[in-house]
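Please have a look at it first, and then we can go through it together.

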Amino acid sequence: MCNCAAYNSDELYTWCTNCGNYGIHASIKRALADKNIKPSEVLLCFDIGCHGNGADKINAYSVHGLHGRILPFAAGAAIANKAVTTIAFGGDGGTLSEGINHLIHSIRANYNFTFVLHDNSNYGLTTGQASATTKQGLEMNSSPSGVTSDTLIPMELVLSLKPSFAARTFSGNIKHMESIFKQAIEHEGFSYVEVLQSCPTYNKVTPHEWYAQRVYDVSTLEDYDSSDLELARKVAQDVQDKIAIGVLYLNKDKKDYYSRLASRKSIKTELVEEVKGYNVGNIIDKFR
Ligand SMILES: Cc1ncc(C[n+]2csc(CCOP(=O)(O)OP(=O)(O)O)c2C)c(N)n1
């Protein structure tokens, strides 16, 4: 039996007061504990950023990667050991600019892990630089005369790539996040979870209250069908007035990357076990 406390770490949080990351961490812990996954059975992969500074704040196996590059790391880990639940975390900065190629190819490949996008609409750790999701025209520390580029709606991009699982949630609703994270973990394939995250320090235009007044779960819509890609694309567009959250799109028929590999058919061992038969010491020595 596992409970949330098993995931508590002795490290102190360093995030700003009211940062949306607190709720995201609480919800991830609750989702894992509720699914009875032990800390020794999970790998948490963190990108660089404010969210990434949570890497040592949850007691589990964790990796703190390079900025924008956590997705390929998580993909490799998930392929190497399918027995471990792999979850990756990235900010809108690193994910939607430096590492946007990795998001595109993770969706195409349909690697079997969960990806949580912390979308606080700015590069938080580098003190309020504009990101791809910062609203056009806003004056940010890196663009004092206002952001000139068009604003990206990440869900539109994701849905254009025909993902197998695409959900949106909100950092102010622990129960909702927990439920979405659980469904994402259960899904076999790449689970894209976009968290609309408040950033009280650098994003004053869409605070917690702003989101709270606008979000609605698609399951409350009459006849919403999460297997209908066109419907998902339609509801995903509005990120200003009525913002759709919940599982927007789900395709259970799409096979995950590993299941598509003809060379791995009927092989029962994990790659992490197979590699033990090889002596890689000489290769490692070259880098010493
Ligand atoms: C390759 C590289 N480029 C830039 C940086 C500097 N850097 C560190 S954190 C950060 C901001 C991260 O923003 P985001 O990904 O949105 O995450 P948040 O801090 O908002 O959680 C940047 C640009 C870096 N560490 N490595």
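Which residue in β2 is the bridge partner of C45? Before I answer, let me say that this is a predicted model, in which local features need pLDDT of at least 70 and side-chain atom pairs count only at pLDDT 80 or more, while totals for chains, interfaces and linings use all residues. Residues are numbered from 1 along each chain as its sequence is written.

The bridge partner of C45 is V63 in β2. Strand β1, residues 42-46, pairs with β2 in the parallel sense over 4 bridges, where pairing means that DSSP finds at least two bridges between two strands. Helices (H or I, at least four residues) and strands (E, at least two) are DSSP runs, numbered from the N terminus.

These two strands belong to an open sheet of 8 strands, in the order β2-β1-β3-β4-β6-β5-β8-β7, with mixed pairing. Because β2 (61-64) and β7 (215-217) stand at the edges with a single partner strand each, one side of each is left without a neighbour in the sheet.

Turning to the helices, α6 (residues 174-186) lies across β3, β4, β5, β6 and β8, and runs at about 165 degrees to β5. Axes here are lines fitted to C-alpha atoms, for helices over the stretch in contact, and angles run from 0 to 180 degrees between N-to-C directions.

The axes of α2 (residues 70-80) and α4 (residues 100-109) come within 8 Å and cross at roughly 30 degrees. Here L71, P72 and A75 of α2 meet H102, L103 and S106 of α4, a contact being two residues whose C-beta atoms, placed from the backbone, lie within 7 Å.

Next, the ligand: of the 17 residues around the ligand, G49, H67, G91, G93 and G124 come nearest, and a residue counts as near if its C-beta atom, placed from the backbone, lies within 6 Å. Helix α3 (residues 92-98) gives the largest share of this shell, 4 residues.

Finally, for the protein chain as a whole, there are 10 helices and 8 strands, and the C-alpha atoms fill a box of roughly 55 × 45 × 40 Å, taken along the principal axes. Among contacts between residues at least 6 apart in sequence, 71% join residues at least 24 apart.
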